[in-house]
Amino acid sequence: MKRQSRLRKVDLEMILPEFFALLSIDVFLLLSLLTCLLEERFPKAIPYIYQIAALIGFGHLLVSREFLSIFGEDMRFWYNFFYLLVALGNIIAINLYLAVEKKMWTLAKAWSGIVTFPIIVISVFFVSNYSYLQGAEFPALIMQVGLVVSTIVMGVSISLFLSPDLLNKLKGRR
Amino acid sequence: MEIRKLVSRKEMKLVTLLLTSLLIATASAAVYYSLSMQSTITTATTSVWFEEGADNATAVVSLSPDKTVATMTGLKAYPNASYTYTDPVRVRNNGSVAYDIRLTPVSLSGNTTEFVFVKFLLRNGTSESSPTLASLNYTCDGSDWTVPSATDWVSIPATNPDTQWAITVITKAKDNAQSASVTIEIAVDVR
């Protein structure tokens with residue numbers, strides 16, 4: 001009798017911490033395109049700076065892949081989460097820039113409804129989903145309500161953004 | 001001048017940014033996909049291993065340090081008489097769940113003329129009266145060995161960690177057998 005075979009334990013996770021880096025890259029690319037579309041309201045270099053930020057995120061993913069076995073799960077989560085926070089911070093910063101610096105209230109409101117709010121809710125959803133898979137509890141109802149509210153706000157914001165006099169028309173009917 | 005104007009146009013900028021965005025997003029998604037395809041594999045200690053049985057001295061049993069390999073070098077086959085090593089080595093389930101095990105032939109080398117059979121029986125217990133759960137019967141017709149196929153899977157529960165399953169070895173050489181030896185390797189597959 002010479003041999004005994006056993007299966008080894010294989011751990012597979014649904015969401016890797018690097019998903020937050022991927023999400024952040026997409027956020028930076030979105031910001032780049034949106035600031036290019038609204039280029040009269042922003043410094044000319046801003047879209048390119050966001051492209052560079054997205055490229056940094058791509059490099060960050062490559063480094064993370066090469067050193068996957070060295071970096072622990074916690075460390076990977078925190079540096080990816082920090083990158084996500086930077087991306088979200090930029091969205092909020094643009095929102096504040098439009099509202100405070102440029103005094104473009106309508107655009108700032110539309111931005112918060114179309115960009116800031118949905119992206120923050122989506123980020124919260126994935127972070128909570130990740131923490132749930134890691135064993136931390138998070139009430140599912142908050143996520144569902146958050147998504148519904150996000151959808152409603154986004155829908156209303158898009159309608160108002162595309163036809164600003166819609167609100168006046170609705171007021172006029174009353 | 002015209003080219004400069006064209007490049008500085010908003011549409012051109014947007015198209016350029018859109019293309020680079022697509023490139024970066026696709027490359028990042030590909031990297032993430034390759035990351036998600038890497039699974040984390042951790043080594044685990046075995047729950048099923050071998051133990052020396054009551055007849056281990058007769059059969060000269062030696063176990064590897066992790067008890068996953070058992071070697072019996074003292075087995076003898078007598079001419080025209082079957083000899084039974086009832087309890088040379090045991091299989092033990094030390095885990096908290098039941099496992100299925102089976103006996104599988106791996107290799108056979110050596111003499112092909114002097115033996116009649118070598119049998120390996122998996123017993124439900126360690127005594128002589130314990131029922132046989134599975135058996136591997138190697139038979140020799142005087143010119144070659146007939147190697148059996150793997151046994152059916154047998155469940156070994158974890159209800160009692162001290163419960164052990166003996167592997168009995170029965171040997172027989174042919175009448176007036178000459179000095180010869182055969183090496184048989186079998187595996188205990190665990191799932």
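Author: The crossing of α1(A) and α3(A) is left-handed. This is a predicted model, and the description that follows should be read accordingly. Helix α1 of chain A spans residues 18–37 and helix α3 of chain A spans residues 73–101; their axes approach to within 8 Å and cross at roughly 20°. Because angles under 35 degrees count as roughly parallel, α1(A) is roughly parallel to α3(A).

On the side of α1(A), the contact is formed by A:Glu18, A:Phe20, A:Ala21, A:Leu23, A:Ser24, A:Val27, A:Phe28 and A:Leu31. The partners contributed by α3(A) are A:Arg76, A:Asn80, A:Phe81, A:Tyr83, A:Leu84, A:Ala87, A:Asn90, A:Ile91 and A:Ile94. Sorted by class, the residues of this contact comprise 12 nonpolar, three polar and two charged.

A:Glu18, a member of that contact, is also touched from the other chain, by B:Leu35. B:Leu35 belongs to helix α2 of chain B, which covers residues 10–36. Leaving out residues up to four places away in sequence, B:Leu35 touches A:Leu16, A:Glu18, A:Arg65 and A:Leu68. B:Leu35 has 20 C-beta neighbours inside 10 Å and therefore counts as buried.

As to chain A as a whole, the chain contains six helices and two strands. Read from the N terminus, the order of elements is β-β-α-α-α-α-α-α. Of its 174 residues, 25% count as buried. Among the contacts in chain A that link residues at least 6 apart in sequence, 68% join residues at least 24 apart.

In soluble globular proteins, nonpolar side chains tend to be buried together. The largest nonpolar core has 32 residues, and the members touching the most others are B:Val91, B:Ile101, B:Leu103, B:Phe115, B:Phe120 and B:Ile167. Several strands of chain B each supply at least two residues of this core, among them β2 (48–52), β5 (83–93), β6 (99–110) and β11 (164–173). The greatest contribution comes from β7(B), with six residues. Beyond its neighbours within four places in sequence, B:Val91 is in contact with B:Val48, B:Phe50, B:Ile101, B:Ile156, B:Gln164, B:Trp165, B:Ile167 and B:Val188. Apart from this core lies another, of 29 residues, including A:Phe19, A:Leu22, A:Leu29 and A:Val115.

Key
Residues are numbered from 1 along each chain as its sequence is written. Chains are lettered from A and ligands numbered from 1 in the order in which they are written. This is a predicted model: local features need pLDDT of at least 70, side-chain atom pairs count only at pLDDT 80 or more; totals for chains, interfaces and linings use all residues. A nonpolar core is a set of buried Ala, Val, Leu, Ile, Met, Phe, Trp, Tyr and Cys residues joined through C-beta atoms within 7 Å. A residue is buried if 20 or more other C-beta atoms lie within 10 Å of its own, exposed if 12 or fewer, and partly exposed in between; C-beta atoms are placed from the backbone. Helices (H or I, at least four residues) and strands (E, at least two) are DSSP runs, numbered from the N terminus. Two residues are in contact if their C-beta atoms, placed from the backbone, lie within 7 Å. Axes are lines fitted to C-alpha atoms, for helices over the stretch in contact, and angles run from 0 to 180 degrees between N-to-C directions. Angles under 35 degrees count as roughly parallel, over 145 as roughly antiparallel, 65 to 115 as roughly perpendicular and the rest as oblique. A crossing is left-handed if the near helix is turned anticlockwise from the far one by less than a right angle, and right-handed if clockwise. Ala, Val, Leu, Ile, Met, Phe, Trp, Tyr, Cys and Pro count as nonpolar, Asp, Glu, Lys and Arg as charged, and the others, Gly among them, as polar.
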